[in-house]
Amino acid sequence: MTTKRLIVSVLMSSLFLCTPVYAFAESGSEPERATLRLEVDGKPVSEGERFAVQVVARDPADLYGVQVRVKYDPSKLTFRQVQPQGAYSDFGGSQIDETEGTVVLPLLRQGASSSSSAIASLSVAKLEFAARSSGVTKLAVESVKAVTGESYLNANGYPDLKELAIVPGRELTLPITPASSSSSEDPAPPAPVVPPARPEARPGLQELEKKLASNDPEQALAQLSSLLSGGAGSYSPAEMKRLEELAGQLQRQWLHQVKITEDAAAKSMRLDRESLAKTVEALRQLSELGASRQWKVPAEANIRVRLADNGSSSLLVTSDQAKQLAGGKVSLLLENERGAAAVSPEALAGGQETLLQLRTAGEQAGRQTDARLNFVSGLQVLISAMEDGKPVAVAPEAGLLRLTLRYEASAPNVHKLGVYAWNESTSAWEYVRNAKPEGGEFEVAAARPGVYALMEYSANYKDIEDVYEEARYAIEALSAKHVMDGTAEEAFSPFGETTRAEFVSLLVRMLDLDSTARHEASFRDVEADAWYAGAVNAAYRAGIVRGDGENMNPDGKLTREEMAVMLANAGLVKTNGSGSEPFADDDAISDWAREAIYAARAGGLLNGVGDNAFSPKSGANRADVAVMLLRLIEQR
């Protein structure tokens, strides 16, 4: 994929960074080229204090877009927030992995060019952290990629952005002093008046950490309750934050404490009554402790039950245990090697034993209804009430069953993967549109129990080999997501023009709007039996398309400026593009479209066509529309 695609797609795949306070670079000179580095002021940082780290580009030239991944030590630092600086924005795409201690920050400048080429140092973002514990820690920019605002025509004849040569700056070493010591000769500012910490606070925290490290959740819960018996005012903010983190760890330990036994007669697993009761009660106490202090301890939890693909691939839950789980707001998470099923207690049969089954689904050779689908893996999940010793299928309400299907994230055709549910009534596979891929897993809100399969969808269009790489990837991905179809069985027509009705239909499908409900006709020139009538009416009700008040011109050519306006009307771009450098053909842009066009450019969705021109009245071909739609899906 092109660098431009990488910069935009990172708006979704971010993982974020965390770094401590008083920092200095290790000895050695920086290379004489553009670098992205982390900088802090010279003030030393003490344990529990908050501080800021600047993400700074040195000799950045025309830095338009940048993706940076930072690594920090989560045992030493706690990430607080990120603030893009100057004209740069992350468009809400930054994500933090506090477990791994990484941050991936995507930034795009609000405007296609700037005077940054004359700037020796440019701050693009500020990261705020809190020092968790004393000692020495290190921060590093693990990777960085960037593009300039200068566009050019690539080898395929399409506009692209030039790559900016930039490398990570050197690693930072950050000393953190103990909270009780002073690392500055200057008098410290007056501290806010807070209740003094109890003398036993620090040893008590250390004792709680020891009990957690030795996997002793009963003693750890008793220790936590004892520490909090004197009230939250007895602790500093840093100590309370640490207690919150330890409470989260304690909850995760309790979720693994329920013993599982095997019922040989029933050929199933069972939950141990005593350990389940003890766990549910402990989770209730933790939930109350967290709620009273507004801690971020999950209100709902999942007890993990590991199953195998043999006679022990099922779990029997008694009616009393179902009531216990419901009272504690605790779900069951059944796992095997291919995935998992989270079953809400409300999905269990009331007044009867419930049989839960999770198996790895086979190749599904007998259900090969579409040659374009290639089976990758699958799960079968069944929920039954036991009546007279026999299972009777139960159909719980939607939202009470969630599935996780695992896949190899490094596989070459991941963009073609999707989740499909087998419909017994129609004997066909149904695409599950709400399935969300992330980190090698698809998360699915299952509408019903049954067979769910991970499939690779290959449209095998014969006319997309000559399109540019980003467009070919987008066409394949959108076909697999069943957002955009071909014009024939083996043809996509990538260079064909897109009509207004076609684009409206694509937006409605992507936004999952109801296009089946019957309403009065929106426009005079939209026939009730037209294939796009439902989508146009749905878009009209959502304010996406307005026409001229009477007509919509559904078969008319979609222009680039019309496309930008529909995106803005759908709420898919923020109309804050003022301040961007005007396109060379700005005077050709209609007044009603100007704000939307510059907002779409600022959001990385629409770019010029070369020589800083937008060509607002030109048509949008199907390949370019596919690229733009995939960017939208990834950003959302």
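**An exposed aspartate**

Reply: To begin with one residue of this predicted model, aspartate 555 counts as exposed because its relative accessibility is 57%, above the 50% cut-off.

Me: Where does aspartate 555 lie?

Reply: Aspartate 555 lies in the loop that runs between helix H9 (533-541) and H10.

Me: And which residues is aspartate 555 in contact with, leaving aside its neighbours within four places in sequence?

Reply: With those neighbours left aside, aspartate 555 is in contact with Thr499 and Tyr532. Threonine 499 is 56 residues away from aspartate 555 along the chain, and yet their C-alpha atoms are separated by 5.4 Å.

Me: What about asparagine 553, what is its phi?

Reply: Asparagine 553 has a positive phi of about 55°, although it is not a glycine. It is found in the loop between H9 and H10, and asparagine 553 is partly exposed because its relative accessible area is 44%.

Me: Switching to aspartate 388, is that one buried or exposed?

Reply: Aspartate 388 counts as exposed, since its relative accessibility is 80%. Its place is in the loop between strand E22 (373-387) and strand E23 (390-393), and aspartate 388, though not a glycine, has a positive phi of about 55°.

Me: And glutamate 489, where is that found?

Reply: Glutamate 489 is found in the loop between helix H7 (469-480) and helix H8 (500-511), and with 69% relative accessibility it counts as exposed. If its neighbours within four places in sequence are left aside, glutamate 489 is in contact with Ala459 and Tyr461. From glutamate 489 to alanine 459 the distance is 8.2 Å, C-alpha to C-alpha, for a separation of 30 residues in sequence.

Me: Let's zoom out. How many helices and strands does the protein have?

Reply: The protein has twelve helices and 29 strands. Of its 636 residues, 50% count as buried. Among the contacts with a separation of 6 or more, 75% are accounted for by residues 24 or more positions apart.

Me: Which residues touch the most other members of the largest nonpolar core?

Reply: In that core, which has 74 residues, Phe503, Leu507, Leu567, Met628 and Leu629 touch the most other members. Taking one of them, methionine 628 touches Phe503, Met563, Leu567, Leu605 and Leu606, when residues up to four places away in sequence are not counted. Apart from this core lies another one, of 62 residues, and its members include Leu276, Leu286, Ile303 and Ala347. As background, nonpolar side chains tend to be buried together in soluble globular proteins.

Me: On to the helices, at what angle do H4 and H5 pack?

Reply: Helix H4 (residues 237-254) and helix H5 (residues 273-292) pack at an angle of about 165°, and their axes are 10 Å apart. Since angles over 145 degrees are counted that way, H4 and H5 are roughly antiparallel to each other. Their crossing is left-handed.

Me: Which residues of H4 and H5 meet there?

Reply: From H4, Ala247, Leu250, Gln251 and Trp254 meet Lys278, Thr279, Ala282, Leu283 and Leu286 of H5. By class, that contact of H4 with H5 has six nonpolar, two polar and one charged residues.

Me: And how do H5 and H6 pack?

Reply: H5 and helix H6 (residues 319-327) pack at an angle of about 15°, with 10 Å between their axes, and that angle makes H5 roughly parallel to H6. The crossing of H5 and H6 is left-handed. On the H5 side, Arg273, Leu276, Ala277 and Val280 meet Gln321, Gln324 and Leu325 in H6; by class, this contact has four nonpolar, two polar and one charged residues.

Me: Last topic, H11. Which of its residues are buried?

Reply: In helix H11 (residues 591-602), the buried residues are Ala593, Ala596, Ile597, Tyr598, Ala599, Ala600, Arg601 and Ala602.

Me: What covers the buried residues of H11, and what follows it?

Reply: The cover over the buried residues of H11 includes strand E9 (102-109) and helix H10 (560-569). H11 is followed by glycine 604, which has a positive phi near 75°.

Terms used:
Residues are numbered from 1 along each chain as its sequence is written. This is a predicted model: local features need pLDDT of at least 70, side-chain atom pairs count only at pLDDT 80 or more; totals for chains, interfaces and linings use all residues. Side-chain values use heavy atoms; hydrogens and water are left out. Buried means under 20% relative accessible area, exposed over 50%, partly exposed in between (1.4 Å probe, protein chains only). Helices (H or I, at least four residues) and strands (E, at least two) are DSSP runs, numbered from the N terminus. Contact means heavy atoms within 4.5 Å. A nonpolar core is a set of buried Ala, Val, Leu, Ile, Met, Phe, Trp, Tyr and Cys residues joined through side-chain atoms within 4.5 Å. Axes are lines fitted to C-alpha atoms, for helices over the stretch in contact, and angles run from 0 to 180 degrees between N-to-C directions. Angles under 35 degrees count as roughly parallel, over 145 as roughly antiparallel, 65 to 115 as roughly perpendicular and the rest as oblique. A crossing is left-handed if the near helix is turned anticlockwise from the far one by less than a right angle, and right-handed if clockwise. Ala, Val, Leu, Ile, Met, Phe, Trp, Tyr, Cys and Pro count as nonpolar, Asp, Glu, Lys and Arg as charged, and the others, Gly among them, as polar.
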